Amino acid sequence: MPHDDTFLLPCVSGGGVEQAQRVETEGAISTVSNAPSASNKSRHLPRFALEEKRVGFVSLVGAGPGDADHLTLGALKALQSAQALLYDALVSEDILALAPQKCVKICVGKRGDRLSVSQDKTNALMVRLAKKGLHVVRLKGGDPSVFGRVEEERQYLEAYGISHKTLPGVTAASAAAAQFSFPLTHRGEARSVTFLTGRTKDGSIDLRDESINDPMASLVFYMSSHNAAHIEASLLQAGRSSQTPVVIIENAGRPTARACSGTLKDMAALVAEAAFEGPVLMGVGVAFGHARLALSVSVPVKARLQA
């Protein structure tokens, strides 16, 4: 395991502007040592953390898409008992405020091609803090099991003998469906839903699978707006109708969410027109034609692009 004392950590300010700051992990750990003793703190720990408090414990927690209203009760309890908090860049300030004041908070977020902390360093930091006997909360945007690298982190923790528990969160697709009142599946129209990512290790997206090209399948693309043109062309080439409804949502589940809708043949143009800056979901399928964008702020799109 790496023994670096210094990690370069990207942090997100309240205005959403990335800043880089160096966090001395030894200093962070010594700060935690001044927190209330384990005996005084034990009555506040959730049962699963209490059982492992002497040797450290890691909670892998889903924070949902950003709004604190989407936190589960289990996530709230974990946050309130955290002694060290390693959080994603998209976790909101109101959620971070739920952790104890003396909890050490370290941003380990990843934002596409922007300055990020490597997964290896995040793994090493989790183990290092847990071996100090702390309750470490690894707070992830959305649901840890949906493009959250949670299995990589579980395997790493187990390799070093660190006990852990995973607490689910609301994934962005579910939050978007509730916010804009559309179904992900719908009887007679959409019999399945598939989540896909536009960010893979080699940068490719394979859309040749027959299930993806099923007209009754709802497709939700995470982290894929930069590949909108490729996705549009690939789906059309595979046989998806050019008139298939699409919905494109930025900051799903947050009060600042923006959305636009159209058809598959216009998807790339809609993304370009909207000039999104936050995290974007793209939904392709008949079910997304039910989206009620008037229920939230919508992106003004100059042209619906004539058929």
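Helix H8 (residues 172–179) is largely enclosed by the rest of the structure, because six of its eight residues are buried; buried here means under 20% relative accessible area, with exposed over 50% and partly exposed in between, using a 1.4 Å probe and protein chains only. Helices (H or I, at least four residues) and strands (E, at least two) are DSSP runs, numbered from the N terminus. This is a predicted model, so local features need pLDDT of at least 70 and side-chain atom pairs count only at pLDDT 80 or more, while totals for chains, interfaces and linings use all residues. Residues are numbered from 1 along each chain as its sequence is written, and side-chain values use heavy atoms, with hydrogens and water left out.

The buried set in H8 is made up of Ala172, Ala173, Ala175, Ala176, Ala177 and Gln179. These residues pack against four strands, namely E8 (192–197), E9 (217–222), E10 (245–250) and E12 (280–284). Just past the helix, Ser181 adopts a positive phi of about 50°.

Strand E9 is also largely enclosed by the rest of the structure, since six of its six residues are buried. In a regular strand the side chains alternate between the two faces of the sheet. In E9, Ala217, Leu219 and Phe221 point one way, Ser218, Val220 and Tyr222 point the other way, and all are buried. Two strands pair if DSSP finds at least two bridges between them. E9 runs parallel to E8 over six bridges, and pairs with E12 in the antiparallel sense over four bridges. Leu219 turns up in both pairings: this E9 residue is the bridge partner of Thr194 and stands opposite Val284 in E12.

As for the aromatics, rings of Phe, Tyr and Trp (its six-membered ring) pair if their centres lie within 6.5 Å; planes under 30 degrees apart count as stacked, over 60 as edge-to-face and the rest as tilted. The count by this rule is four aromatic pairs. The Tyr156 and Tyr160 rings have centres 5.0 Å apart and planes at 35°, so this pair is tilted. Tyr156 is buried at 18% relative accessible area, whereas Tyr160, at 29%, counts as partly exposed. Ring pairs also join Phe147, Phe195 and Tyr222 into a cluster.

On confidence, pLDDT is the predictor's confidence in each residue, from 0 to 100. The chain averages 82, and 73% of its residues reach 70 or more. Over residues 33–40 the pLDDT falls below 50, and this stretch has four contacts (heavy atoms within 4.5 Å) beyond near neighbours in sequence. Residues 300–307 are likewise below 50, with eleven such contacts in the model.
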